[in-house]
Amino acid sequence: MDLLLNIALATFVLGSGVVATQIYVRLAYFRCAGCGSLNAKRRSECRVCGHALP
């Protein structure tokens with residue numbers, strides 16, 4: 001029983017870290033429509049392909 005609780009706790013901790021990271025990325029970065037790379041929201045054009053960002 002303790003082993004199952006430890007596995008569940010480890011899964012929760014790792015899963016919540018993934019979710020928190022995804023939320024941060026969605027708030028801090030734009031995804032370029034042209035090439036799909038991530039760009040900081042302060043940029044006006046893509047750093048890879050030069051496509052205009054929203």
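Okay, quick one to open: is Cys46 buried or exposed? Cys46 is buried, at 4% relative accessibility. For the cut-offs, buried is under 20% relative accessible area, exposed is over 50%, and partly exposed is in between, with a 1.4 Å probe and protein chains only.

Before I go on, this is a predicted model, where local features need pLDDT of at least 70, side-chain atom pairs count only at pLDDT 80 or more, and totals for chains, interfaces and linings use all residues. Residues are numbered from 1 along each chain as its sequence is written, and side-chain values use heavy atoms, with hydrogens and water left out.

Back to the cysteines. There are zero disulfides here, a disulfide being a pair of cysteine sulfur atoms within 2.5 Å. Cys35 itself is partly exposed, at 38%.

Next, the aromatics. We get one aromatic pair. Tyr24 and Tyr29 have ring centres 6.5 Å apart and planes at 85°, so it's edge-to-face. The rule covers rings of Phe, Tyr and Trp (its six-membered ring): centres within 6.5 Å, then planes under 30 degrees apart are stacked, over 60 edge-to-face, the rest tilted. Tyr24 is exposed at 51%, while Tyr29 is partly exposed at 32%.

Last stop, Leu4. Leu4 is in helix H1, residues 2-28 (helices are DSSP runs of H or I, at least four residues, numbered from the N terminus). Leu4 is also exposed, at 58% relative accessibility. That's it from me!

Notes
Helices (H or I, at least four residues) and strands (E, at least two) are DSSP runs, numbered from the N terminus.
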